[in-house]
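Visitor: Hi, could you walk me through a structure I have just opened? I would like to chat about its backbone, its helices and its strands.

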Amino acid sequence: MDTELLERILHDVEKPARYIGGEVNMRIKAVENGKLLRFALCFPDVYEIGMSHLGSRIIYNVLNEREDTYCERSFTPWPDMEKAMRENGIPLYSLETKTPLGAFDVVGFALLYEMGYSNVLTMLELAGLPLFSAQRDETMPLVMAGGPCVCNAEPVADIFDFFVFGDGEEVMNDVMDIIAECKAAGNDRHMLLLRLAQVAGVYVPAFYRSEYKDGSFIGHTKLEEAAPDTVERRVVQDLDSAGYTGDLIVPYLNIVHDRIALEVFRGCTRGCRFCQAGYIYRPVRERKPETIIEQADSSLDCTGYDEISVFSLSSGDYSHIHELVPQILERYEHDRVSVSLPSLRIDSFLKDDLEHIQRIRKTGLTFAPEAGTQRLRDVINKGVSEDDLLRAVRDAFEAGWHGVKLYFMIGLPTETDEDVLGIAELARKVSQEFYSMPRELRGKGLRCTVSASTFVPKPFTPFQWEPQISVDEVLRRQALLRNALKGIRGVEFSCHFSETSRLEAAFARGDRRLCKVLVSAHRHGARFDSWDEHFNKPAWEEAFAENGLTVEGFANRSIGQDEALPWSVMDPIVSHEFLAEERKKAYSGQITRDCRKGCNGCFGTRAAEFCSFEGAERT
Amino acid sequence: MRLILAFTKEQNMRFVSHLDMQRLFQRAMRRAHLPLAYSQGFNPHPLLSFAAALALGTASDCEYLDVMLTEAVEPDEAMQALNKTLPQGVHVIKAVDAGDAKLSLTSLMRSAAYEVTICFDAEIGADKLCNTMDELLTGEIVVLKNTKSGIKNVDIRPMVISAHIEATGKNTAKLSLKGALTASGGLNVELFLCAYFEKLGMNGVCEVRRRSIEMDQTVIKL
């Protein structure tokens with residue numbers, strides 16, 4: 001690696017600190033003797049996004065805890081840097097040792113959102129690696145991925161050698177053990193993949209063939225006897241003893257989540273029917289408050305951060321939340337550490353906690369009613385009422401807040417115009433709530449942002465069979481809402497770009513035919529698709545056309561409940577029957593209770609094996 | 001207590017921006033358990049400020065930083081504690097108790113010295129290098145500058161105190177530059193180099209290093 005040349009180009013790119021590494025707490029290992037297994041942990045987005053991902057921080061530490069492995073990081077270069085690297089022949093390299101990615105044993109990607117796929121290809125290409133796994137030879141790194149997108153890895157199945165499904169803390173160790181053994185034994189790649197395929201949670205896509213009939217996916221044919229029929233999701237049962245982030249790297253740049261994240265539990269008991277995370281991280285597993293405080297102590301000490309985020313899918317549901325938050329605030333008050341609670345549910349927090357948080361610093365408050373009417377909130381099993389929301393914002397306003405964000409979705413199954421207009425009605429009531437308070441008790445002026453994203457049906461949710469509404473319909477409903485929100489005092493509207501939501505829907509539920517579409521789009525210049533300013537619509541249109549497919553054919557299609565699903569090779573542990581039943585209940589507006597209040601049987605006969613959640617009665 | 005630190009910024013750390021340096025020192029001081037004093041108000045922040053901003057990409061042998069602490073510390077001990085926790089490329093070389101001095105570091109600045117290593121795209125004679133520099137320094141040096149009120153023509157010659165160039169190879173040279181650096185502004189080295197390159201009719205790659213900042217030492221002895 002020509003570091004002098006690299007330094008020269010760093011003078012000409014935006015935010016060069018993205019590309020230098022060397023941050024406090026970066027792991028350093030001796031690589032000269034060539035004995036270490038080299039793992040390049042890649043995030044298919046820019047540094048500030050990738051460094052904000054807790055899962056990658058955990059895997060970085062878990063892998064580096066191994067004496068035989070050195071895990072280094074790489075992120076997608078911003079287009080200015082990509083151009084400079086191409087012009088100067090600089091391959092994609094790791095931040096730790098500036099080693100080109102092609103020299104690693106394993107290149108592993110975190111796949112968090114479908115719109116990052118084109119960046120995976122950019123990174124592979126910059127590393128000088130062929131994009132399709134079948135074109136890479138024994139001298140090249142294994143290319144793998146983990147993260148929630150692995151739920152349906154089919155649209156990228158031809159790119160990767162293998163995937164890991166579920167919690168990474170344990171399976172990554174299993175994988176590295178086998179890679180170490182095979183490397184020592186001099187096994188070839190096929191042998192290695194055969195052995196990996198026998199590890200629970202590992203999916204080797206080349207061992208399955210996708211079958212199609214009349215332009216539809218009809219199932220997988222297993223090509224290797226040793227491969228499992230379905231790949232069971234890995235679940236770490238005890239988070240207190242599982243690996244965590246260790247000494248957190250302290251970035252130079254102001255990254256998106258520039259604070260210490262303390263994961264208080266994994267999973268969610270609420271069962272919102274649109275939410276993939278609510279199904280694929282089951283069951284709920286909590287960390288003990290002592291473990292969390294210990295992690296807070298050591299993280300604050302080694303980083304110098306002054307902010308902690310109490311992190312989970314719904315932090316208000318943590319059994320010990322009302323002890324933990326005051327405890328953290330008290331413990332670190334002298335050090336001026338502030339606490340933020342993202343993902344608070346409307347119905348789950350107490351006024352006291354708000355006042356505690358406010359003592360140090362006011363962070364933004366976000367509420368997610370998701371739908372505008374009670375009817376639709378029942379359909380999606382978002383068990384909050386209008387009263388809950390109004391009480392929550394009143395508490396917030398009384399505690400001195402004057403900025404709140406309200407998150408909604410447009411295009412949920414069964415949605416009518418009445419539901420869309422209901423969003424505006426809710427916003428109006430929030431505004432009234434604020435302005436009906438005595439002037440001296442409320443903050444300056446209300447800043448209420450109503451944000452409406454487009455519903456994307458996701459695998460392993462009760463809505464996995466549902467179509468996404470068409471782009472025209474999305475635009476019509478957005479306009480309807482924008483109009484209805486006009487003139488409401490203190491309320492602003494923001495909505496998501498509909499084209500990317502459609503593409504996300506196509507890739508979320510797509511099959512292997514999309515691999516070629518992805519590669520075509522990449523050749524036509526698609527990159528950073530989740531960034532509106534970079535989204536290249538013509539590139540994607542050409543890519544679908546070249547491959548004789550349409551984005552609508554994937555995104556806007558209703559899938560029959562008896563049809564084969566491309567992701568059925570993956571076993572999320574939550575049963576197919578449960579999801580089908582939940583779908584039925586959605587249509588009749590029936591609520592499913594929070595499973596903290598009693599077991600709903602989502603794991604079917606496997607509940608005893610996987611769910612030890614206290615209080616969950618067995619059915 | 002008001003503590004003044006002098007530090008170096010080099011290697012890859014020159015790619016860390018001025019704003020990011022603020023956060024970097026704040027966190028390093030917290031890691032070193034220095035008792036930072038905070039501002040009052042809605043969003044309290046540590047009372048920490050730099051004498052001068054340093055352009056992104058420029059290395060420095062001596063930058064100054066000013067920080068308020070709630071308790072007195074031994075300056076040398078603070079320096080050692082910080083150096084244990086600062087990333088490679090940033091190193092504290094001096095720590096001084098500012099006593100009762102109230103004037104800001106910025107108001108004490110007078111000038112700065114720079115060393116620029118230049119690698120030209122083509123070979124160039126030593127005479128041409130020097131003669132062009134002499135020519136440049138004899139008249140106004142008018143450059144286009146982004147100001148609050150738009151792009152303007154500005155004469156930066158008054159900001160230049162001295163400039164000596166010498167050839168170090170067939171296509172390489174070293175420039176020693178001294179420019180004004182005060183609270184109201186300073187010499188923009190990049191603009192000066194652009195003007196010089198234009199007069200030479202050549203292109204090249206430059207590495208800039210700030211060698212020192214001259215301060216009024218009568219108020220605070222640094």
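Predicted model: local features only at pLDDT ≥ 70, side-chain atom pairs only at ≥ 80, totals over all residues.

Visitor: Let's start with strands. How many residues of strand β1 of chain A are buried?

Guide: Six of the seven residues in β1 (residues 37-43) of chain A are buried, so the strand is mostly covered.

Visitor: And which strands does β1(A) pair with?

Guide: One partner is strand β2 (residues 69-75) of chain A, which pairs with β1(A) in the parallel sense over seven bridges. Another is strand β3 (residues 106-110) of chain A, joined to β1(A) by four bridges and also running parallel.

Visitor: Give me a landmark. What stands opposite A:Phe39?

Guide: In β2(A), A:Phe39 stands opposite A:Cys71. In β3(A), the residue opposite A:Phe39 is A:Val106.

Visitor: Switching topic: I want to check the backbone. Where is there a cis peptide bond?

Guide: Look between A:Arg282 and A:Pro283, where omega is about -5°. A:Pro283 sits in the loop between α8 (277-280) and β12 (285-286) of chain A.

Visitor: Which ones, and where do they lie?

Guide: One is A:Arg336, with a positive phi near 55°. You will find A:Arg336 in the loop between α10 (321-332) and β14 (338-340) of chain A. The other is A:Thr414, which is not a glycine but has a positive phi of about 75°. A:Thr414 belongs to the loop between β16 (403-410) and α14 (417-435) of chain A.

Visitor: How many other C-beta atoms lie within 10 Å of each?

Guide: For A:Arg336 the count is 16, and for A:Thr414 it is 14. A residue is buried at 20 or more and exposed at 12 or fewer, so A:Arg336 is partly exposed and A:Thr414 is partly exposed as well.

Visitor: Okay, on to chain B. What is its secondary structure?

Guide: Chain B has five helices and 11 strands. Its C-alpha trace spans about 55 × 35 × 35 Å along the principal axes. Of the 222 residues in chain B, 32% are buried.

Visitor: And what share of the contacts in chain B comes from residues 24 or more positions apart?

Guide: Such residues account for 73% of the contacts in chain B with a separation of 6 or more.

Visitor: Last one: how many residues of chain A touch chain B?

Guide: There are 19 residues of chain A in contact with 17 residues of chain B. On the chain A side, nine are nonpolar, five polar and five charged.

Definitions and conventions
Residues numbered from 1 in each chain as written. Chains lettered and ligands numbered in written order. Helix = DSSP H or I, 4+ residues; strand = E, 2+ residues; numbered from the N terminus. Contact = placed C-beta atoms within 7 Å. Nonpolar A, V, L, I, M, F, W, Y, C, P; charged D, E, K, R; others polar. Pairing = 2+ DSSP bridges.
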